[in-house]
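Here are a few exercises to work through with a structure open beside you. Try each task yourself before you read its solution.

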Amino acid sequence: DEIERIQAAPELLPPIQRVNLPAAVERWNQQLDSFKREKIALDAQIFDPRRLGSILVFYRFAMCFLLRQIDEQHMFPQQPFTMPEESASDAQHAAAGALDKWRMLPQFLFEDVVEFVVFLTMYSPDTLIDSTLQVGHGGDGLRTFDDIIPLFVVAFLARPGYISNPYMKAKLVDILHMLTYRDPREDSDYVDTHEGNVSDQSMRLHPSIHQFQTCLDASVLARKFLVPALLRFYVDIEKTGASSQFYDKFNIRYYLARTLRALWARGPLYVEATKQFFLQSVDAASSSKERGAATTTTTTTGSAKRDQQVVEEFVARLMTDTT
């Protein structure tokens, strides 16, 4: 485009550059063709289904390894995953034990997995649901896309203490948002649902979205922990530590809101989970006050006090962001 603009108005150039313009344009076109060939060659390597499939098999092992580190029994995938406790009474023990061991691991182990899953979700969702890549060689019976990826996302969102970087948690939300994406034509609050913006032919949801949502619905851990985790992150993202945190939080909360709306639209399952979380947080907080401040009730986010704080701040942030 820039080359065409210069060719269309050569009189805007200084006389010396105007004389050399034909040779310069030819050189620019040659360089542009070279860049295009390099890009096509790189795309052929990066998007090769066999290469992506091999990498996914490796990252399946990496996800199982990371889940095993935070598993309460440290027996995953030989035994079903048990969500680690996060109650206030266990905080010192966790900090001295499991969390210290987790912090010994290099952060790129987690980051690489998340970045690769985000890449596949955006550019190669067919690889995610490829039936030949679903079952590992360990004989655990778990499927990569149906079991391990949903568990990985839910577990690390529900226990954010293991991930210090809020932007890595935001990428987990990105995965959820893309794999629970709702057709804009079915969402009256979506920004692109105005007449003419979304046509019948312009929107085709990938089969991976319905498959992922079905797997979430079938997951006991997702039904119990996913909604509280998303509400908690909605509150926690207020402060990221970055200079751009004021602007970043709006983008992240937008995807959180879209994900929650998609889950609620699935049926009463997640609507009831949200209601139960709000009601239990209030009831548990009231019970704790009656029994005394020293008593702590373990809940999905760690304690009744923390649940009450999440509910109060979520409502406050929601009102602030929409006014």
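**Exercise 1: A loop residue**

Task: Is Gln78 buried or exposed?

Solution. Step 1: Gln78 has a relative accessible area of 55%, so this residue is exposed. The cut-offs are under 20% relative accessible area for buried, over 50% for exposed, and partly exposed in between, with a 1.4 Å probe and protein chains only.

Step 2: Before going on, know your model: it is predicted, local features need pLDDT of at least 70, side-chain atom pairs count only at pLDDT 80 or more, and totals for chains, interfaces and linings use all residues. Residues are numbered from 1 along each chain as its sequence is written, and side-chain values use heavy atoms, leaving out hydrogens and water.

Step 3: Find Gln78 in the loop between helix H4 (49–70) and helix H5 (91–96). Helices here are DSSP runs of H or I with at least four residues, strands are runs of E with at least two, and both are numbered from the N terminus.

Step 4: Look for a partner. The side chains of Gln78 and Arg68 are joined by a polar contact of 2.9 Å. Such a contact is a pair of N or O atoms within 3.5 Å; within protein, one must be able to donate a hydrogen and the other to accept it, and residues adjacent in sequence count only if both atoms are side-chain atoms. The C-alpha atoms of these two residues, Gln78 and Arg68, are separated by 9.6 Å.

**Exercise 2: Backbone details in that loop**

Task: Which peptide bond is cis, and what is the phi of His74?

Solution. Step 1: The bond from Phe76 to Pro77 is cis, with omega near 5°. Pro77 lies in the loop between H4 and H5.

Step 2: His74 also belongs to the loop between H4 and H5. Its phi is positive, about 55°, although His74 is not a glycine. His74 counts as partly exposed because its relative accessibility is 39%.

**Exercise 3: A helix and its cover**

Task: How far apart are the end C-alpha atoms of H7?

Solution. Step 1: Helix H7 covers residues 108–123. Its 16 residues, at 1.5 Å a residue, should span 22 Å; the expected span is 1.5 Å times one less than the number of residues.

Step 2: The end C-alpha atoms of H7 are 22 Å apart, which agrees.

Step 3: Among the buried residues of H7 are Phe110, Val113, Val114 and Val117. An α-helix has 3.6 residues a turn, so residues three or four places apart point the same way.

Step 4: The cover over the buried residues of H7 includes H4, helix H8 (125–128), helix H9 (144–158) and helix H10 (166–179).

**Exercise 4: A buried threonine**

Task: What does Thr274 touch, not counting residues up to four places away in sequence?

Solution. Step 1: Thr274 sits in helix H14 (residues 268–291). With a relative accessible area of 10%, Thr274 is buried.

Step 2: Thr274 touches Val227 and Trp264, with that exclusion applied. Contact means heavy atoms within 4.5 Å.

Step 3: A polar atom of the Thr274 side chain lies 2.8 Å from the backbone oxygen of Tyr270.

**Exercise 5: The whole chain**

Task: How many helices and strands does the chain have?

Solution. Step 1: The chain has 15 helices and zero strands.

Step 2: Of its 323 residues, 41% are buried.

Definitions and conventions:
pLDDT = per-residue confidence, 0-100.
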